[in-house]
Amino acid sequence: MRSLLKKMPAWLTALPLTICLQTGLHAETVAKYGISMADIPLTTGQPDRGAGAYQFTGHTIYDPLIAWEANIGNRPGKLIPGLATSWKVDPVDHKKWLFTIRKGVKFHDGSDLKASSVVWNLDKVLSDKSPQFDAKQSAQVRPRIPSIATYRAVDEFTVEITTKNVDALFPYQLPWFLIGSPAQWENMGKDWSKVATQPSGTGPFKLDKLVPRERAELVRNASYWDKTRIPKTDRIVLIPIPDAMTRANALLNGQVDIIESPPPDVLPQLKSSNFKLVTNVTPHVWPYHFSTYPGSPWTDIRVRKAANLAIDRNAIVKLLNGLAVPAKGQLDSTSPWFGKPSFKIGYDLPQAKALMAQAGYSPSKPLKAKIIIAQGGTGQMLSLPMNEFIQQSLAEIGIQLEFEVVELENLYLHWRSGAKADMNAGKDITGINLGYVTADPFYALTRFVDSRYIAPNGVNWGGYSNPKMDTTLDTLRNNFDTKVQDGLLAEVHQTMVDDALMLWVVHDVNPHALSPKVLEFVQAQHWFQDLTTIRMK
Amino acid sequence: MLSYILKRLLFALPIALSVTVVSFMLVYLAPGDPLNAIAPADAPADVIQALKSAYGLDKPVPVQYALWLWRALHGDLGTSISSGRAVLGEVLGAVSNTFMLAIVASLIGVCMGCMLGALAGYRRGSWIDKIATTLSVIGVSIPHYWLGLVLTIIFSITLGWLPAMGAGPGGSSDWVWDFEHLRFLVLPATTLCVIPMGIITRTVRALVADMLEQEFVTALRARGISSTAVFRHIAKNTAPTVLAVTGLQIGYLMGGSILVETVFAWPGTGFLLNTAIFQRDIPLLQGTLLVLCMIFVVLNLIVDIIQPLIDPRMGRA
């Protein structure tokens, strides 16, 4: 007994130490994330698979010069400094932009970030003569940074980028362009397929393991330069599960902790089993984009407005089990660029019928139109049921819709070619149903209304041309005051809505389902999400 | 025997060549653009053209075929457009995952099918026959996508006994043959095995019932040979047909069930084909089809070679 008492202090010291060691050994917090893609997006620097992929292998491993604020959910984010601490346009030559590169930032491989690294990355995607040029990465990002003409390193920490034309909205293009390590490319024998397994960026996560089509494991970068964005979880495992029902099953079974886009039918079961459903305003719209070329039935603004007034959007939201919000325009009404359109979009059947009557149509004398739609796919929501709903709704006011149903990949071809192309006009297709990302001024507005972007030069699909709009866009491109820009963008959106350029139906809410083990996940009002905000039990 | 094997090998060559033509050309019949897999939907025409050139898609189709075949003969199936990885590596990884699943499903399916079929054949018209026949009809006609979901709901969601998806806790790259990993095989293998089980049950039942009517069986019985020995004779006579059917079934399973592998997110050939089809990843699609067709050809060749070893009459024919 005495010997036991003698040893007591040693035991009392050893016990907490053992507990601490044990806890330390098992302390790693892991979040398993079931993503809706069929494969892990590209890890070499510029993710493929669209805007939604940036949250997984883009802004986790890498940083852009100018970032998008994605760690807040209660208001739209804004542009914030990333690897550039500041940027300004040359007061004399408005095509020249100067970026001051953040000092003291290191890539995951230990090499330093310098102005030359930024130039090397620009060459990687814009100069096919450079040894590091990668056609695949280039294809991802070139369409997203169309304004860049030339670039150079002015000194060790200053980069100058010259745009093709004066473009005050140019900074909005830069969150898409990510900076990887030139040293790592050299270390990997200048082989991008090897860099894919051991990439090196400056981001808050490092890639620890990559099993193509099965998983990517990201671990916390404890020495990340932005101390406000140190990941709250040690390890995030991304698991591609393209089938929505399988994703939901994996969540219910505890194999994953977070899933994207749970199927609407499973929501009641998820809620009753204490799983959390997180949604937010999302820059997405599900519209019918009309052709305004001569001969199209949609050239008459009364018909376009009538179509917008004939849809009971709340019923569509109900059809989607609440996973959408009714659209009142191209943008959500909370957007700073929504403006004050005089045409109020809502469900007003008598007014819709009156407009159709003015245009000379009625259910007994219907207007016929053919719309090309996808059978499903990313961004298309519940394509077929929603389109059938629209078809029935428009029939009530005397618009008889016929659908040309194709696969999404094929729909993109029809979209890129424009309404005037033979593949559309030759088949009397006068409208296209394609979910649009509306994340920034270019993606949300200007690409659809600028007459310079009439297809095939861009995706102004329907050939919309409005001199007043073009003048506003010119003013916008030449004005560098953010507040004035916001006002002008609101003006652009107002005109779009007042012209009823499209039939806007609903906005997606980018739903995520979380297991009770997830304590925190901030869902930004964007396709860019910040995985550093995930906190586990 | 040697001439028989050589003859079979010679027959296999034109089949293999036809397979390469079909694998290559088939994918061009589907609408859509393979570059959608890598280029954003709004990529301008110059970006698309640069990519076409980078992937050799700007060349005439016969030229593309000749280049592809030449590389394939040298073991290079090209590079996946969507992932940038070597197609051969992608396909072999998927084939090994499907092989694992197919072997387990085949073992269950063949054993169950032979047992049920033999019982039903021996006891024609009895309740055993009716149960076996009902099970075989269900096995052949049940939608496997639905069966997979139902099994998941029961055994993964409600009871929580088995995982709902995946190929092991750490993915297929960390696969080991232990209990923790085998749990991941149970549901997909059970879902898949009902097809061969149903077909083999029907085949064996019909063969056994037919054999029992044969004069040699009556003669064997008249000589007082034990029923076990009679069964051995019947088994030997049914074996070549069962082997041929089993070979075909393993071939089908090696092709991977797109639906079953999608339901269980099993990273096999079906899952790979599904991805390749939706992404219009032409090199991956062509490579996967080619490898799967060649597996089918080789399996049939093996069956053709084994059959005369069991029944020498076939070799002589």
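Mentor: The buried residues of α15(A) are A:Pro441, A:Phe442, A:Tyr443, A:Ala444, A:Leu445, A:Thr446, A:Phe448 and A:Val449. Keep in mind that this is a predicted model, where local features need pLDDT of at least 70, side-chain atom pairs count only at pLDDT 80 or more, and totals for chains, interfaces and linings use all residues. Residues are numbered from 1 along each chain as its sequence is written, and chains are lettered from A in the order in which they are written.

Trainee: Why is helix α15 of chain A called mostly covered?

Mentor: A residue is buried if 20 or more other C-beta atoms, placed from the backbone, lie within 10 Å of its own. Eight of the nine residues in α15(A), residues 441-449, are buried, so the helix is mostly covered.

Trainee: What do the buried residues of α15(A) pack against?

Mentor: They pack against β20 (436-437), α16 (467-477) and α17 (482-498) of chain A.

Trainee: How do you know that β7(A) and β8(A) pair?

Mentor: Pairing takes at least two bridges found by DSSP between two strands. β7 (residues 148-155) and β8 (residues 158-163) of chain A have six bridges, in the antiparallel sense, so they pair. A:Val159 in β8(A) is the bridge partner of A:Ala153, and a hairpin of two residues joins the strands.

Conventions. A residue is buried if 20 or more other C-beta atoms lie within 10 Å of its own, exposed if 12 or fewer, and partly exposed in between; C-beta atoms are placed from the backbone. Helices (H or I, at least four residues) and strands (E, at least two) are DSSP runs, numbered from the N terminus. Two residues are in contact if their C-beta atoms, placed from the backbone, lie within 7 Å.
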